[in-house]
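Please read the following note with the sequence and the structure open side by side. The points are numbered so that each may be checked in turn.

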Amino acid sequence: MNQADNASASAPASLDPDARVAALSQALGPRAERFALRWVETCESTNSELTGNPPRDDDRIHVLVAEHQHGGRGRRGRSWQSWPGASLTFSALWRFPAGAPVPAGLSLVAGVALAEALERLGVEGIQLKWPNDVLVHGRKLAGILVELVPGRGRTPAAVLGIGINLRLPPGVAIPDQPAVTDLHEALDGEVPACEAVLAAVLEALCRILDTYALAGFSALRDAWQQRNAFAALPVRISGEDSAVTGTCLGVDEDGALLLRTEAGVERILSGDVSLRGLS
């Protein structure tokens with residue numbers, strides 16, 4: 001999960017984890033049967049928990065929610081900054097359809113699901129930044145970290161780590177993220193209960209993953225393109241040793257970023273890059 005997805009909780013941190021699972025199941029309604037839900041007070045990293053010890057395959061999406069992560073990981077080796085009871089942070093383990101190749105564009109798929117869920121909650125101005133950020137009017141609201149789980153005798157799977165800012169602590173400073181926002185600001189202080197927010201996201205994620213399993217990212221590409229934060233804008237893509245500038249053309253059917261440069265159109269495949277708009 002990404003380092004900047006920090007917020008203060010909209011529900012009491014002291015609430016019993018079992019009670020939170022019950023409230024989440026109630027909010028999900030019949031959809032709850034699609035998920036194996038677990039809520040913990042603290043863990044090192046929800047992504048690490050699910051990738052390191054994958055649960056058995058029971059045809060459900062396994063979801064682990066943590067009140068606080070003390071060893072969360074972000075992209076490019078960054079640590080996850082968080083405060084107890086300050087964010088909605090969770091991971092979902094989803095197994096690929098039988099016989100399917102390892103799919104592409106999963107972080108973008110999760111971004112579309114997050115965008116649709118947040119829009120249904122009333123958030124306006126949602127934008128998607130390739131490959132894994134959700135913005136509101138250019139300010140980061142949520143982030144995604146996708147990690148693949150090798151088969152090792154099991155059906156190959158992916159863990160989708162997601163964090164959403166609910167209410168940022170006053171005066172917080174997050175390195176490398178100068179422009180951040182939260183649901184409290186995006187919804188003018190009317191933040192739903194944490195379980196209601198998570199239920200909306202899981203419902204959208206389940207529906208979007210069903211579409212993805214049947215038709216791949218190409219079926220969701222237009223939905224991502226419509227929310228592209230840097231559509232037709234000049235950007236710089238920087239890696240560890242190099243950088244390239246050009247005009248953002250969106251993404252192709254594999255989820256690769258398309259960049260028009262002086263040398264022509266380039267496909268950017270690596271997730272280990274930094275995308276920055278140019279003034």
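This is a predicted model: local features need pLDDT of at least 70, side-chain atom pairs count only at pLDDT 80 or more; totals for chains, interfaces and linings use all residues.

1. The largest nonpolar core has 69 residues, and those with the most contacts inside it are Leu88, Phe90, Ile164 and Leu183. A nonpolar core is here a set of buried Ala, Val, Leu, Ile, Met, Phe, Trp, Tyr and Cys residues joined through side-chain atoms within 4.5 Å. Buried means under 20% relative accessible area, exposed over 50%, and partly exposed in between (1.4 Å probe, protein chains only). Helix H5 (residues 194-215) gives the most to this core, namely 13 residues. A second, separate core of 9 residues includes Cys43, Leu64, Ala66 and Leu93. In soluble globular proteins, nonpolar side chains tend to be buried together.

2. Residues are numbered from 1 along each chain as its sequence is written, and side-chain values use heavy atoms, with hydrogens and water left out.

3. As for the overall make-up, the protein chain has 6 helices and 12 strands. Helices (H or I, at least four residues) and strands (E, at least two) are DSSP runs, numbered from the N terminus. Of the 279 residues in the protein chain, 52% are buried. Among contacts between residues at least 6 apart in sequence, 68% join residues at least 24 apart; contact means heavy atoms within 4.5 Å.

4. Two strands pair if DSSP finds at least two bridges between them.

5. How many residues of strand E3 (residues 87-95) are buried? The count is 9 of the 9, so the strand is largely enclosed by the rest of the structure. Ser87, Thr89, Ser91, Leu93 and Arg95 point one way from E3, while Leu88, Phe90, Ala92 and Trp94 point the other way, and all are buried.

6. The pairing around E3 can be followed residue by residue. Strand E2 (residues 61-69) runs antiparallel to E3 and is joined to it by 5 bridges; Val63 stands opposite Ala92 in E3. E3 is also joined by 9 bridges to strand E7 (residues 157-165), again antiparallel, and the bridge partner of Thr89 in E7 is Gly163. Strand E6 (residues 139-149) pairs with E7 in the antiparallel sense over 8 bridges, with Gly143 opposite Gly163 in E7.

7. Glu116 lies in helix H3 (residues 106-120) and is buried, with a relative accessible area of 16%. Leaving aside its neighbours within four places in sequence, Glu116 is in contact with Arg207, Ile208 and Arg227. Asn132 is placed in the loop between strand E4 (126-129) and strand E5 (133-136), and counts as buried at 4% relative accessibility. A polar atom of the side chain of Asn132 lies 2.7 Å from the backbone oxygen of Ile144.

8. Another open sheet consists of 5 strands in the order E11-E10-E9-E8-E12, with antiparallel pairing. Strand E11 (264-268) and strand E12 (274-277) stand at the edges with a single partner strand each, so one side of each is left without a neighbour in the sheet. The twist averages 45° from one strand to the next. Strand E9 (residues 243-251) and strand E10 (residues 257-261) pair over 4 bridges in the antiparallel sense, and Leu259 in E10 is the bridge partner of Cys248.

9. Finally, the cysteines. Cys43 counts as buried at 7% relative accessibility, and Cys248 is buried with a relative accessible area of 2%. With a disulfide taken as a pair of cysteine sulfur atoms within 2.5 Å, the count comes to 0 disulfides.

Technical notes: A polar contact is a pair of N or O atoms within 3.5 Å; within protein, one must be able to donate a hydrogen and the other to accept it, and residues adjacent in sequence count only if both atoms are side-chain atoms. Axes are lines fitted to C-alpha atoms, for helices over the stretch in contact, and angles run from 0 to 180 degrees between N-to-C directions.
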